[in-house]
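Open the model in your viewer and keep the sequence panel in reach.

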Amino acid sequence: TYSRTMSLEQEKVDVLICGSGSAGLCAAVWLARFGINYKVLERRHGPLKIGQADGVQTRTVEIFDSFGIGEDMLKEAYHVLELAFWAQNVEGGNKDNIKRTRYAPDKETDISHQPHVILNQARLNELMIGQLGPQPPIQYSTEVKGVQVNESVDITDLSTYPVRVDAVTADGVAKTYRAKYVLGCDGAHSIVRKSLGFRMIGDTTDAVWGVMDIYPRTNFPDIRKKTAINSSVGNLLIIPREGDAMVRFYIELPAGTKASSVTLADLQNHARLIFRPYQMDFADTFWWSAYAIGQRRADYFHKYHRVFLTGDACHTHSPKAGQGMNVSLQDGHNIGWKLGMVLKGLGKPKPLLESYVIEREKTATELIEFDRGFTKLFNSKYREEHGISQDQFAEMFVQAGRYTAGQAIQYDVSAVVEVGERDKEVVGKVTVGMRFPTAQVVRFCDAKAMQLVKGLPADGQWYLVVFAGDISKEESKARLERISQALDHVVKRFTPADAYPDSVIDPILVISGDRKKVEQDQIPEFFTPVTGKWQQKCLFKVYADDESYNSGHGHAYEAYGIDPAKGALIIVRPDHYVAKVSALNDSLVQSTQQFFEGFLSPTA
């Protein structure tokens, strides 16, 4: 056992993150923003060099953009715009050859204003590490050996360190950490999960797939498009990589293949058969692997709401839908801000931390169900037995796009999601529990056309987005005055005296109509608080749904399904999911305060 060599010194830390993959790092970005004392333990000797994952869904691009690191990612990535489908050339009389059957756009335009891109995980991790300050608290070459939780400590107790983590460094030095919370982000073979006694439930199918990153020499015309090929000898998926030279192949291998016995030559020869009549040669291979596909989920996602599992530690599935890295990252994105609010003393531990389990367990379960069906779609034998034609395959692949974009997630009711019976009457095109969609608006102070979501940076605060209608009209103006004064009291109730007025709940105003008819002094001071280092009046919270100078009209009210005469309030969480919508009526203020009382701590 490792206990005998255990050092007496025990390092204390508020949050200990086991593993520096996408989930652990995304949680760390939030904790760094909240100023929480945290540490990351990683068994590797340094940052990831070659990432196995590469598909970045639109939802993940939105998250990176909200953290202010979207532009670097988009500049370097390959942008997926079109899908090509190839199948056996049955009509042509030679079914061993393939021919193109159709093209399709990669995403419906209304899914997201962000593109679907390909960029390797090592680079994504590097971008997140860049957000962790000049000396990121990541301790490499440290392997976690076990986790124990003191179950007698109450969920609301933030003064004690009830979780003990034992670890050992590469040179054999034993370390013991005490933490208030631990995140198990340590992958499919998670030590954290195993030491809690949790199991992975599910199955391993006998489908074996190979993957290789290659520099191809070929006359195949769609080599730089995302392409699905159904040939007489199996399926192949082409994913072009960033940098204009490398391409990734996912290859279905013949039934009965053992993953451990596959060689690079096997993959290359099989690919050549699939691409007939085109030639396919390999100038070089950057990385390759072979694996059997299984869909599994941990039976529990937390222990006493002190240790939480994320990412591959609690759900595994095939890589074809490009979900793994994205869903893992979004696990970390979900728990990070909740721990931040709890440890800053702003939020109540029980409702916030329980909502992580409610939301991400459901997401993992849906992901595995989706992946099971999606993987079958790629199985030649399954398609044959169920009479799924090439056209049907292509159609189902395109339909899965909204899900694979990460935009189909809808969280259930919890302390941080409140669904009302008449929500759709108030805001016709926004769904509570789903991510807040965006539309182009014009910033009032400087006439800049921009996406509304760009005005809601992910700095840890909640947003009250008020759609007030045309305030050059007396009725709308009076209504806005009333609402602003009352909401101001609600915001103050949850904002510590020494904090900036917009640091916990941040008001955003979107007006409609001709913005040139509205003067700055007609806008309630609630939306222009004096804040920040220089204590200036902030003018960046007011937007107009109006014609811009160079970018047309965003028609934001129409995009959200809001009647300008009635207006609406949308409460947006720090992670940009919609928490609640309200009509601008007399019960608005009371219902808003009640909602926040459920999980925020009122200040004395």
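Select residues 22–34. This is helix H1, with 13 residues; helices here are DSSP runs of H or I of at least four residues, strands are runs of E of at least two, and both are numbered from the N terminus. From first C-alpha to last, H1 reaches 19 Å, close to the 18 Å expected at 1.5 Å a residue. That expected span is 1.5 Å times one less than the number of residues.

The model is predicted: local features need pLDDT of at least 70, side-chain atom pairs count only at pLDDT 80 or more, and totals for chains, interfaces and linings use all residues. Residues are numbered from 1 along each chain as its sequence is written, and side-chain values use heavy atoms, leaving out hydrogens and water.

Now color H1 by burial. In H1, 11 of the 13 residues are buried (under 20% relative accessible area, 1.4 Å probe, protein chains only). Among them are Trp-30, Leu-31 and Phe-34.

What covers them? Show strand E1 (10–18), helix H4 (121–129) and helix H7 (324–343), which are among the covering elements. Contact here means heavy atoms within 4.5 Å. Step just past H1: Gly-35 has a positive phi of about 75 degrees.

Next, select Gln-114. It lies in the loop between strand E6 (94–105) and strand E7 (116–118). Gln-114 is buried, at 7% relative accessible area.

Display its side chain. Polar contacts (N or O pairs within 3.5 Å, one able to donate a hydrogen and the other to accept it; sequence neighbors count only if both atoms are side-chain atoms) run to the side chains of Asp-65 at 3.2 Å and His-113 at 3.4 Å. Beyond four places away in sequence, Gln-114 also touches residues including Thr-58, Val-61 and Leu-74.

Notes: Buried < 20%, exposed > 50% of the residue type's maximum accessible area, 1.4 Å probe, protein only.
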